Amino acid sequence: MFKKLTLLAAVLAATSSLAACGNDDSRTAIPTTQTAANGERFNDADVAFGTNMIPHHAQALLMVDMTIGRDLSPEFQTLTEDIRDAQGPEIEQMTTWLTEWDQPIPETARDHSNSHDGMGMGMDSDMPGMMSDDDLDGLEMTMGSGFESMWLTMMIEHHEGAIEMAETELADGVHPGSLALAQDIIDGQTAEIATMKAMLG
């Protein structure tokens with residue numbers, strides 16, 4: 001009888017150990033890698049990068065739109081034009097990739113005055129650096145020299161969020177174009193942060 005109980009205990013212990021191993025495996029999230037029609041590999045991290053960065057960039061362009069018609073310093077005007085020139089084409093490129101991967105294209109809205117649906121503009125988002133509707137309302141209503149200071153402070157935070165997202169892509173992504181874009185975002189926006197901090201004095 002004692003031998004039977006000992007054998008039963010051994011079997012139960014082994015079964016428990018195997019179950020524990022299975023649970024550990026199920027908790028390990030391995031990004032699913034696929035191959036696009038052009039032969040390039042991409043995974044879930046690449047899809048998330050494009051899907052999230054498009055509305056993130058769109059909000060930056062919304063903030064650039066808010067500078068139109070204001071009396072701006074030449075250095076500030078140059079900065080806003082540089083951001084528009086960089087991020088507009090990057091949105092187009094990420095849209096192309098998502099299309100090639102048969103992924104939905106996130107909606108964006110740069111018309112802050114007519115839309116508060118949270119798509120690409122002032123939503124209370126978990127994405128790093130995204131401004132809320134209240135943040136954008138406050139910026140839009142700010143007049144004079146205070147506008148530039150507030151805009152620069154908000155855009156620094158926004159850029160820091162984009163850099164964080166790009167670093168995640170570098171760590172987890174596999175798509176060559178997305179990895180290159182992530183590095184470009186880190187390099188370009190790090191330089192712009194330095195410029196903006198200097199402008200703030």
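This is a predicted model: local features need pLDDT of at least 70, side-chain atom pairs count only at pLDDT 80 or more; totals for chains, interfaces and linings use all residues.
User: In which order do the elements of the protein chain run?

Analyst: The protein chain has six helices and two strands. Helices (H or I, at least four residues) and strands (E, at least two) are DSSP runs, numbered from the N terminus. From that end, the order is α-β-β-α-α-α-α-α.

User: What share of the residues in the protein chain is buried?

Analyst: Buried means under 20% relative accessible area, exposed over 50%, and partly exposed in between, with a 1.4 Å probe and protein chains only. The protein chain has 201 residues, and the buried share is 39%.

User: Are α2 and α5 roughly parallel or roughly antiparallel to each other?

Analyst: Axes are lines fitted to C-alpha atoms, for helices over the stretch in contact, and angles run from 0 to 180 degrees between N-to-C directions. Helix α2 (residues 44–65) and helix α5 (residues 145–172) have axes that come within 10 Å and cross at roughly 165 degrees. Angles under 35 degrees count as roughly parallel, over 145 as roughly antiparallel, 65 to 115 as roughly perpendicular and the rest as oblique. The two helices, α2 and α5, are therefore roughly antiparallel.

User: How do the residues of the contact of α2 with α5 divide?

Analyst: Contact means heavy atoms within 4.5 Å. Residues making it include Phe49, Met53 and His56 of α2, and Trp151, His158 and Ala166 of α5. Ala, Val, Leu, Ile, Met, Phe, Trp, Tyr, Cys and Pro count as nonpolar, Asp, Glu, Lys and Arg as charged, and the others, Gly among them, as polar. The division is 12 nonpolar, five polar and three charged.

User: At what angle do α2 and helix α6 pack?

Analyst: Asp46, Phe49, Met53 and His57 in α2 meet Ser178, Leu181, Ala182, Ile185 and Gln189 in α6. The helix α6 covers residues 176–200, and its axis is 11 Å from that of α2. The pair is oblique, at an angle of about 40 degrees.

User: Is Ala166 buried or exposed?

Analyst: Ala166 is in helix α5. Not counting residues up to four places away in sequence, Ala166 touches Phe49, Met53, Ala182, Ile185 and Ile186. The relative accessible area of Ala166 is 0%, so this residue is buried.

User: Which residues is Asp172 in contact with, leaving aside its neighbours within four places in sequence?

Analyst: Asp172 is found in helix α5 and counts as partly exposed, at 41% relative accessibility. The C-alpha atoms of Asp172 and Phe49 are 9.8 Å apart, although the two are 123 residues apart in sequence. The contacts of Asp172 beyond those neighbours are Asn43 and Ala45.

User: What is the phi of Asp102?

Analyst: Asp102 lies in the loop between α3 (74–100) and α4 (133–141), and is exposed, with a relative accessible area of 71%. Most residues other than glycine have a negative phi. In Asp102 phi is positive, near 60 degrees.

Methods
Residues are numbered from 1 along each chain as its sequence is written. Side-chain values use heavy atoms; hydrogens and water are left out.
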